[in-house]
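Subject: Structure handover

Hello,

Here is the structure for your files.

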Amino acid sequence: MLIKTRKKSEIKECEVTPQTLFEQRRLFIKKAVGYSVAAAGFSLPATALAALKINPFQKDSVSLRGELTAKKHVTSYNNFYEFGTDKKDPAKNAASLKTDPWSVTVEGECDKPGVYALEDLVKPHPFEERIYRLRCVEAWSMVIPWIGFPLADLIKQMQPNSKAKYVEFTTLNDPEQMPGQKRSVLDWPYVEALRMDEAMNPLSLMAVGLYGEVLPNQNGAPLRLVLPWKYGFKSIKSIVKIRFSESQPQTTWNLSGPKEYGFYANVNPEVDHPRWSQSRERRIGEFRKRKTEMFNGYAEEVAHLYSGMDLKRNF
Ligand code: MTE
């Protein structure tokens, strides 16, 4: 079955305030001290969930809601090599990640560099729920109800200057908390980057939660990117640094396999991975394969960013 291309106007946005989610999250985590993270269940108090409002006029997102990947798959079938390379490893091992307190260093070509406590970074931005398809380069996909705010809002807060052409993100580097980093399967820390116009696109989301709850550690707590038109490896998890630069940064997967993982990593059924086809995908939880759509079905929102570019060369 083909997935209908969704229009920007059809994105579902359910609003919840950052204060509600974050202050209650902190409270919740403090109360959960003494329990394992898995046992705590990552839930938010009911009041935070009640703050989610569904807009009944956005019909397409209602149908996308019907395609949601079960939460048990979203939180147990993960790629987060800092906790191991098996899909089940992150859920098993990520309890060792301490997400409170958390700070993010902002540096490079901007007027507001500094070290920001997580709360200060997210407080100015109202949260939304966005149901996005995430398509992994390994040819599987999920549909996930994320909670977050536009990356563009955070970038504006940092006031990049005219030299800022790219924005780079770095994951925490701490082998004690992230045991997978004791093995050199990748060049740690994990780094990803975007061209500034990609980062400013309204689809680019800074996620802090999913399924109405704070992000589980295995999904990239407490702060990660979600870029639904790109292969999943661009959606970097557990971000501790944001840097604005004039030249294109080197990124982890591109460094590890330049012929297999391009800088752009736009979902493109016409450009195969050297070792497998990208024309079809398996939605986790389903048996039958689906056709992969150009830009993962988000062409209307993002194709203009690449007009005139040879997408076979700039893969
Ligand atoms: N970010 C970090 N820091 N480390 C990783 O290994 N894996 C990426 C991306 N972000 C990864 C990461 C890949 S390959 C995918 S498909 C998505 O996270 C998976 O996100 P999910 O586990 O929340 O579905």
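Two strands are taken as paired if DSSP finds at least two bridges between them. The model is a predicted one, and the notes should be read with that in mind.

Strand pair

By that rule E4 and E5 pair: eight bridges join strand E4 (residues 127-135) to strand E5 (residues 140-150), and the two run antiparallel. One of the bridges links Glu129 to Ile147 in E5. The two strands form a hairpin with four residues between them. In the turn, Ala139 has a positive phi of about 70°.

E4 is largely enclosed by the rest of the structure, because nine of its nine residues are buried. Buried here means under 20% relative accessible area. Phe127, Glu129, Ile131, Arg133 and Arg135 point one way from E4, while Glu128, Arg130, Tyr132 and Leu134 point the other way. Both sets are buried, charged side chains such as Glu129 and Arg130 included.

Ligand site

The ligand has 16 residues around it, of which Asn78, Tyr81, Glu82, Arg224 and Lys237 come nearest. By class, this shell holds seven nonpolar, six polar and three charged residues.

- Asn78: an N or O atom of its side chain is 2.9 Å from a ligand oxygen.
- Tyr81: a polar backbone atom is 2.8 Å from a ligand oxygen.
- Ser235: a polar backbone atom is 2.9 Å from a ligand nitrogen.

On its own, the ligand has 530 Å² of accessible area, and the protein covers 98% of this.

Regards

Terms used: Residues numbered from 1 in each chain as written. Predicted model: local features only at pLDDT ≥ 70, side-chain atom pairs only at ≥ 80, totals over all residues. Heavy atoms only, no water. Near = heavy atom within 4 Å. Polar contact = N/O pair within 3.5 Å; in protein donor to acceptor, adjacent residues only side chain to side chain. Areas by Shrake-Rupley, 256 points an atom, 1.4 Å probe, with all protein chains shown as cover. Buried < 20%, exposed > 50% of the residue type's maximum accessible area, 1.4 Å probe, protein only.
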